[in-house]
Amino acid sequence: MQYLKSILWLPIVVSLLFSCEESITPVITTIAADMNEMLVTDSIMISCSAEDGDSDSLSYHWIASSGRIIGSGSSIKYTGVLEELPATITCRVSDDDGNETSGIVEVLVYGLETGTVADIDGNIYQTIKIGTQEWMAENLKVLHYQNGDPIPLIINDTVWSEQNSGAYGVYDNDDSCIDEYGLLYNWHAVNDTRGLAPEGWHVPSLDELNVLFDLLGGTEVAGGKMKVMLCRYWELCPDPGTSNLSGFSALPAGNRNNYLHGYRDLGTHGQFWLSSEYDSLSANNFYVQERDRRAFVMMHLSKRYGFSVRCVKD
């Protein structure tokens with residue numbers, strides 16, 4: 001009889017032992033998005049992986065501080081909305097025992113609010129709103145100042161290198177370049193009081209450029225977010241860090257070199273004047289280049305160089 005009682009108690013003891021074991025909380029091993037920056041018009045995939053020490057089945061629940069979650073399970077699609085701060089997407093993982101853990105990923109969403117602006121010659125340019133600034137998304141190709149006076153075209157390289165007033169050149173004197181790449185102006189044209197930019201617009205200062213760089217994450221990564229992606233523009237196709245996320249669409253339009261005479265760097269560099277003067281002989285500019293996600297500021301190049309011009313709205 002005593003033996004029979006021991007047998008009857010055994011399942012109860014075993015049951016109590018198992019019920020007293022501590023249930024293990026799931027652990028998230030990875031949570032990652034395809035990219036942590038996106039255009040408001042795009043969607044990205046976000047995945048969450050978790051492990052459970054006692055082999056319970058796991059359930060995934062997603063929450064976004066803004067935007068929309070599409071799908072369910074360990075991988076979902078996310079579409080964002082425009083906000084100044086990054087969106088926070090939370091993955092909550094729970095097991096059969098009700099234990100729960102969570103992980104987050106942040107995604108910065110950019111918008112492409114576009115428009116147009118016309119210059120005095122009737123050229124129409126696409127524009128792009130980036131943060132609080134509105135920029136031209138194409139290179140300037142105007143032939144007249146705002147008051148209607150013509151900007152001189154200088155073909156001879158020697159004359160160009162001695163020019164101390166506003167002028168422009170066409171890359172390799174090839175008019176087929178104008179529509180896509182725009183014109184190359186010296187800084188004297190940028191600074192002319194008759195006005196180079198369309199009415200209500202101006203050539204940006206260094207301070208205004210830095211606002212743009214800061215919004216795009218700083219000069220170490222801003223170039224990749226500003227460069228046009230299409231490989232046909234570049235001698236070497238841009239690196240994976242090139243996204244044109246801002247919509248700025250910088251083109252490698254080259255330059256007109258004041259010292260070496262002639263045109264250079266089409267397909268490798270896009271160089272743009274700033275309105276900020278460095279000294280009596282030089283002025284500030286910035287550039288992007290192939291296979292490089294950085295943006296560079298040059299503080300003291302001769303005002304006689306020929307660079308592209310982008311304008312920002314007043």
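Eight salt bridges turn up in this structure, where a salt bridge is a side-chain nitrogen of Lys or Arg within 4 Å of a carboxyl oxygen of Asp or Glu. Side chains of opposite charge can pair when their charged atoms come close.

A quick word on what you're looking at: this is a predicted model, where local features need pLDDT of at least 70, side-chain atom pairs count only at pLDDT 80 or more, and totals for chains, interfaces and linings use all residues. Residues are numbered from 1 along each chain as its sequence is written, and side-chain values use heavy atoms, with hydrogens and water left out.

**Salt bridges**

| Lys or Arg | Asp or Glu | Distance, N to O |
|---|---|---|
| Lys141 | Asp179 | 3.1 Å |
| Arg232 | Glu180 | 3.2 Å |
| Arg294 | Asp292 | 2.7 Å |

Take the salt bridge between Asp179 and Lys141. Asp179 belongs to helix H3 (residues 178-181) and Lys141 to the loop between E11 and helix H2 (157-161), so the pair ties together parts that are 38 residues apart in sequence. Helices (H or I, at least four residues) and strands (E, at least two) are DSSP runs, numbered from the N terminus.

Are these two partners buried or exposed? To answer that you need the cut-offs: buried means under 20% relative accessible area, exposed over 50%, and partly exposed in between (1.4 Å probe, protein chains only). Asp179 is exposed, at 62%, whereas Lys141 is buried, at 12%.

Next comes the salt bridge of Arg232 with Glu180. This pair also links distant parts of the chain: Arg232 sits in the loop between H6 and strand E15 (253-256), Glu180 sits in helix H3, and they are 52 residues apart. Arg232 is exposed at 59% relative accessibility, while Glu180 is partly exposed at 34%.

In the pair Arg294 and Asp292, Arg294 is partly exposed, with a relative accessible area of 32%. Asp292, on the other hand, is buried at 8%. Salt bridges can also join up into a network, as they do for Asp149, Asp192 and Arg194.

Cys231 is partly exposed at 39% relative accessibility, and Cys237 is partly exposed at 34%. Cys177 is in no disulfide, and the nearest cysteine sulfur, that of Cys231, is 19 Å away. Cys177 is buried, with a relative accessible area of 12%. Cys48 is buried too, at 2%.

**Helix H5**

Now find helix H5, residues 206-215. Which of its residues are buried? They are Leu206, Leu209, Leu212 and Phe213. Look down the axis of H5 and these buried residues fall within an arc of 115°, so they line one face of the helix. (The arc is that of the directions from the helix axis to the C-beta atoms.) The face turned away from that buried side carries the exposed residues Asp207 and Asp214.

What covers the buried residues of H5? The cover includes helix H6 (219-226), along with strands E10 (124-130), E11 (133-136), E17 (269-277), E18 (282-289) and E19 (296-302). Just after H5, Gly217 has a positive phi of about 100°.

**A hairpin**

Strand E7 (residues 87-94) and strand E8 (residues 100-110) run antiparallel and are joined by eight bridges. Two strands pair if DSSP finds at least two bridges between them. Ser94 stands opposite Glu100 in E8. E7 and E8 form a hairpin with five residues between them, and Gly98 in the turn takes a positive phi of about 90°.

**The whole chain**

Zooming out, the protein has six helices and 20 strands. Its radius of gyration is 29 Å, well over the 20 Å that the globule rule gives for 314 residues, so the protein is more spread out than a compact globule. That radius is taken over C-alpha atoms, and the globule rule is 2.2 Å times the number of residues to the power 0.38. The C-alpha atoms fill a box of roughly 120 × 35 × 35 Å along the principal axes.

Of the 314 residues, 46% count as buried. Finally, a contact means heavy atoms within 4.5 Å. Among contacts with a separation of 6 or more, 57% come from residues 24 or more positions apart.

Conventions
Disulfide = S-S within 2.5 Å.
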